[in-house]
Amino acid sequence: MTAASFNRPGAVDLSGLKARAAAPASAGGAGGGPGGAYVTDVNDIAEFEGVLRKSLQHPVVVEFHSPRAQGAGQLSADLASLADEYAGKFLLVRVDATAAPDIAQALGVQAVPTVVAVIGGQLAPLFQGVQPKENVRKVLDQVLQAAAANGVMGKADPVGQPAGAAEDEQPAADPRFAAADAALERGDFAAARDEFDKVLTATPNDAEALAGRAQAGLLDRSSKLDGSEVVRADAEPSNVEAQLAAADAELVGGNSEAAFARLVDAVRVTSGDERETVRLRLLELFETLGNSDPTVLKYRRKLATALF
């Protein structure tokens with residue numbers, strides 16, 4: 001799997017799953033609890049690899065369970081209930097660690113139940129053991145915040161109900177974004193950005209295309225980060241390129257406030273073409289979270305003050 005590296009604590013490379021996909025698949029299972037519209041059971045490693053690619057578009061939460069784990073049925077039911085409550089903000093994938101030990105071993109799962117998140121192809125462990133539903137809800141909210149900071153803000157398609165019902169409730173995919181979505185799914189973020197540019201040429205100021213372009217651009221730039229950007233930028237306050245890279249690193253690390261504050265400060269101390277470069281990048285980063293995000297609204301006001 002090709003994916004950006006966000007350098008998050010606990011993130012691991014999932015590329016090894018591709019090599020293992022050719023291995024004999026374990027038998028599928030019925031799952032660890034009640035199903036739902038945004039819940040799928042996967043015990044085939046090749047199918048699991050395909051599901052993880054969806055994390056480039058929306059968060060994927062993976063529950064490793066086992067019928068032998070005492071008390072885990074309630075956790076499965078709570079996760080399924082929350083997945084439907086969040087209505088596609090993430091996809092819940094359940095893996096029976098007993099039926100599919102190869103998947104559990106590939107991801108280093110040592111106990112069940114274990115719940116992990118996958119955002120942009122990168123794995124982040126969440127918790128082991130049974131947790132109260134409200135604790136799980138808080139963890140899922142943190143997952144969604146991290147996903148938004150990484151520009152992963154798509155919605156999962158319903159998978160746990162009859163196809164006819166899903167088609168009745170879900171609008172057809174916009175064909176204008178088919179090429180961009182395909183590029184995102186294969187991890188070619190630069191190509192995705194170019195495809196969004198084509199849409200914007202035909203329909204300037206299209207909000208969905210602008211957000212998609214901003215997210216693809218951030219993913220493309222973040223795939224080239226090496227973790228030293230903030231240190232370098234702090235050491236070179238007049239280096240505009242360093243400030244831009246540091247802001248990208250802070251945003252993909254989940255600290256949108258620091259990223260926006262850094263670029264507002266850069267707007268204050270620059271002029272001419274450099275100031276315009278910083279301003280445009282800040283506006284682009286705003287698009288990755290959306291204009292209704294409270295942090296975006298706050299820093300739009302700060303940007304206006306800095307400019308005038």
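**Where is Asn150 found?** In this predicted model, Asn150 sits in the loop between helix H5 (133-149) and helix H6 (163-169). Is Asn150 buried or exposed? With 0% relative accessibility, Asn150 counts as buried, because the cut-off for buried is under 20% relative accessible area. Look for Leu219 in this view too: Asn150 and Leu219 are 69 residues apart in sequence, yet their C-alpha atoms are 7.3 Å apart in space.

**The five-stranded sheet.** Here's the sheet itself, an open one built from five strands in the order S1-S3-S2-S4-S5. The pairing is mixed. Strand S1 (39-41) and S5 stand at the edges with a single partner strand each, so one side of each has no neighbour in the sheet. From one strand to the next, the twist averages 25 degrees. As a reminder for reading this view, strands of a sheet pair through backbone hydrogen bonds, either parallel or antiparallel.

**A parallel pair, S2 with S3.** Zoom in on strand S2 (residues 60-65) and S3, which run in the parallel sense and pair over six bridges. If you want a landmark, pick Phe64, whose bridge partner in S3 is Val95. Helix H3 belongs in this picture as well: H3 lies across S1, S2, S3, S4 and S5, and runs at about 155 degrees to S3.

**An antiparallel pair, S4 with S5.** This time the strands are S4 and S5 (residues 122-128), paired in the antiparallel sense over six bridges. The two form a hairpin, with two residues between them. Gly120 is in the turn and has a positive phi of about 60 degrees. Ile119 has Gln122 of S5 as its bridge partner.

Where does Pro113 lie? It's in the loop between helix H4 (101-106) and strand S4 (114-119).

Ala87 is in the loop between helix H3 (72-85) and strand S3 (91-96). At a relative accessible area of 27%, Ala87 is partly exposed. Now for Asn205, not a glycine either, with a positive phi of about 70 degrees. You'll find Asn205 in the loop between helix H8 (189-202) and H9. Asn205 has a relative accessible area of 67%, so it is exposed.

**Helices H9 and H11 where they cross.** How do the axes of helix H9 (residues 207-222) and helix H11 (residues 240-252) meet? They come within 10 Å and cross at roughly 105 degrees. H9 and H11 are therefore roughly perpendicular to each other, because angles of 65 to 115 degrees count that way. On the H9 side, the contact is made by Leu218, Arg221 and Ser222. On the H11 side, the residues making the contact are Asp248, Leu251 and Val252. Sort the residues of this contact by type and you get three nonpolar, one polar and two charged.

Technical notes: Residues are numbered from 1 along each chain as its sequence is written. This is a predicted model: local features need pLDDT of at least 70, side-chain atom pairs count only at pLDDT 80 or more; totals for chains, interfaces and linings use all residues. Side-chain values use heavy atoms; hydrogens and water are left out. Axes are lines fitted to C-alpha atoms, for helices over the stretch in contact, and angles run from 0 to 180 degrees between N-to-C directions. Helices (H or I, at least four residues) and strands (E, at least two) are DSSP runs, numbered from the N terminus. Angles under 35 degrees count as roughly parallel, over 145 as roughly antiparallel, 65 to 115 as roughly perpendicular and the rest as oblique. Contact means heavy atoms within 4.5 Å. Ala, Val, Leu, Ile, Met, Phe, Trp, Tyr, Cys and Pro count as nonpolar, Asp, Glu, Lys and Arg as charged, and the others, Gly among them, as polar. Buried means under 20% relative accessible area, exposed over 50%, partly exposed in between (1.4 Å probe, protein chains only). Two strands pair if DSSP finds at least two bridges between them.
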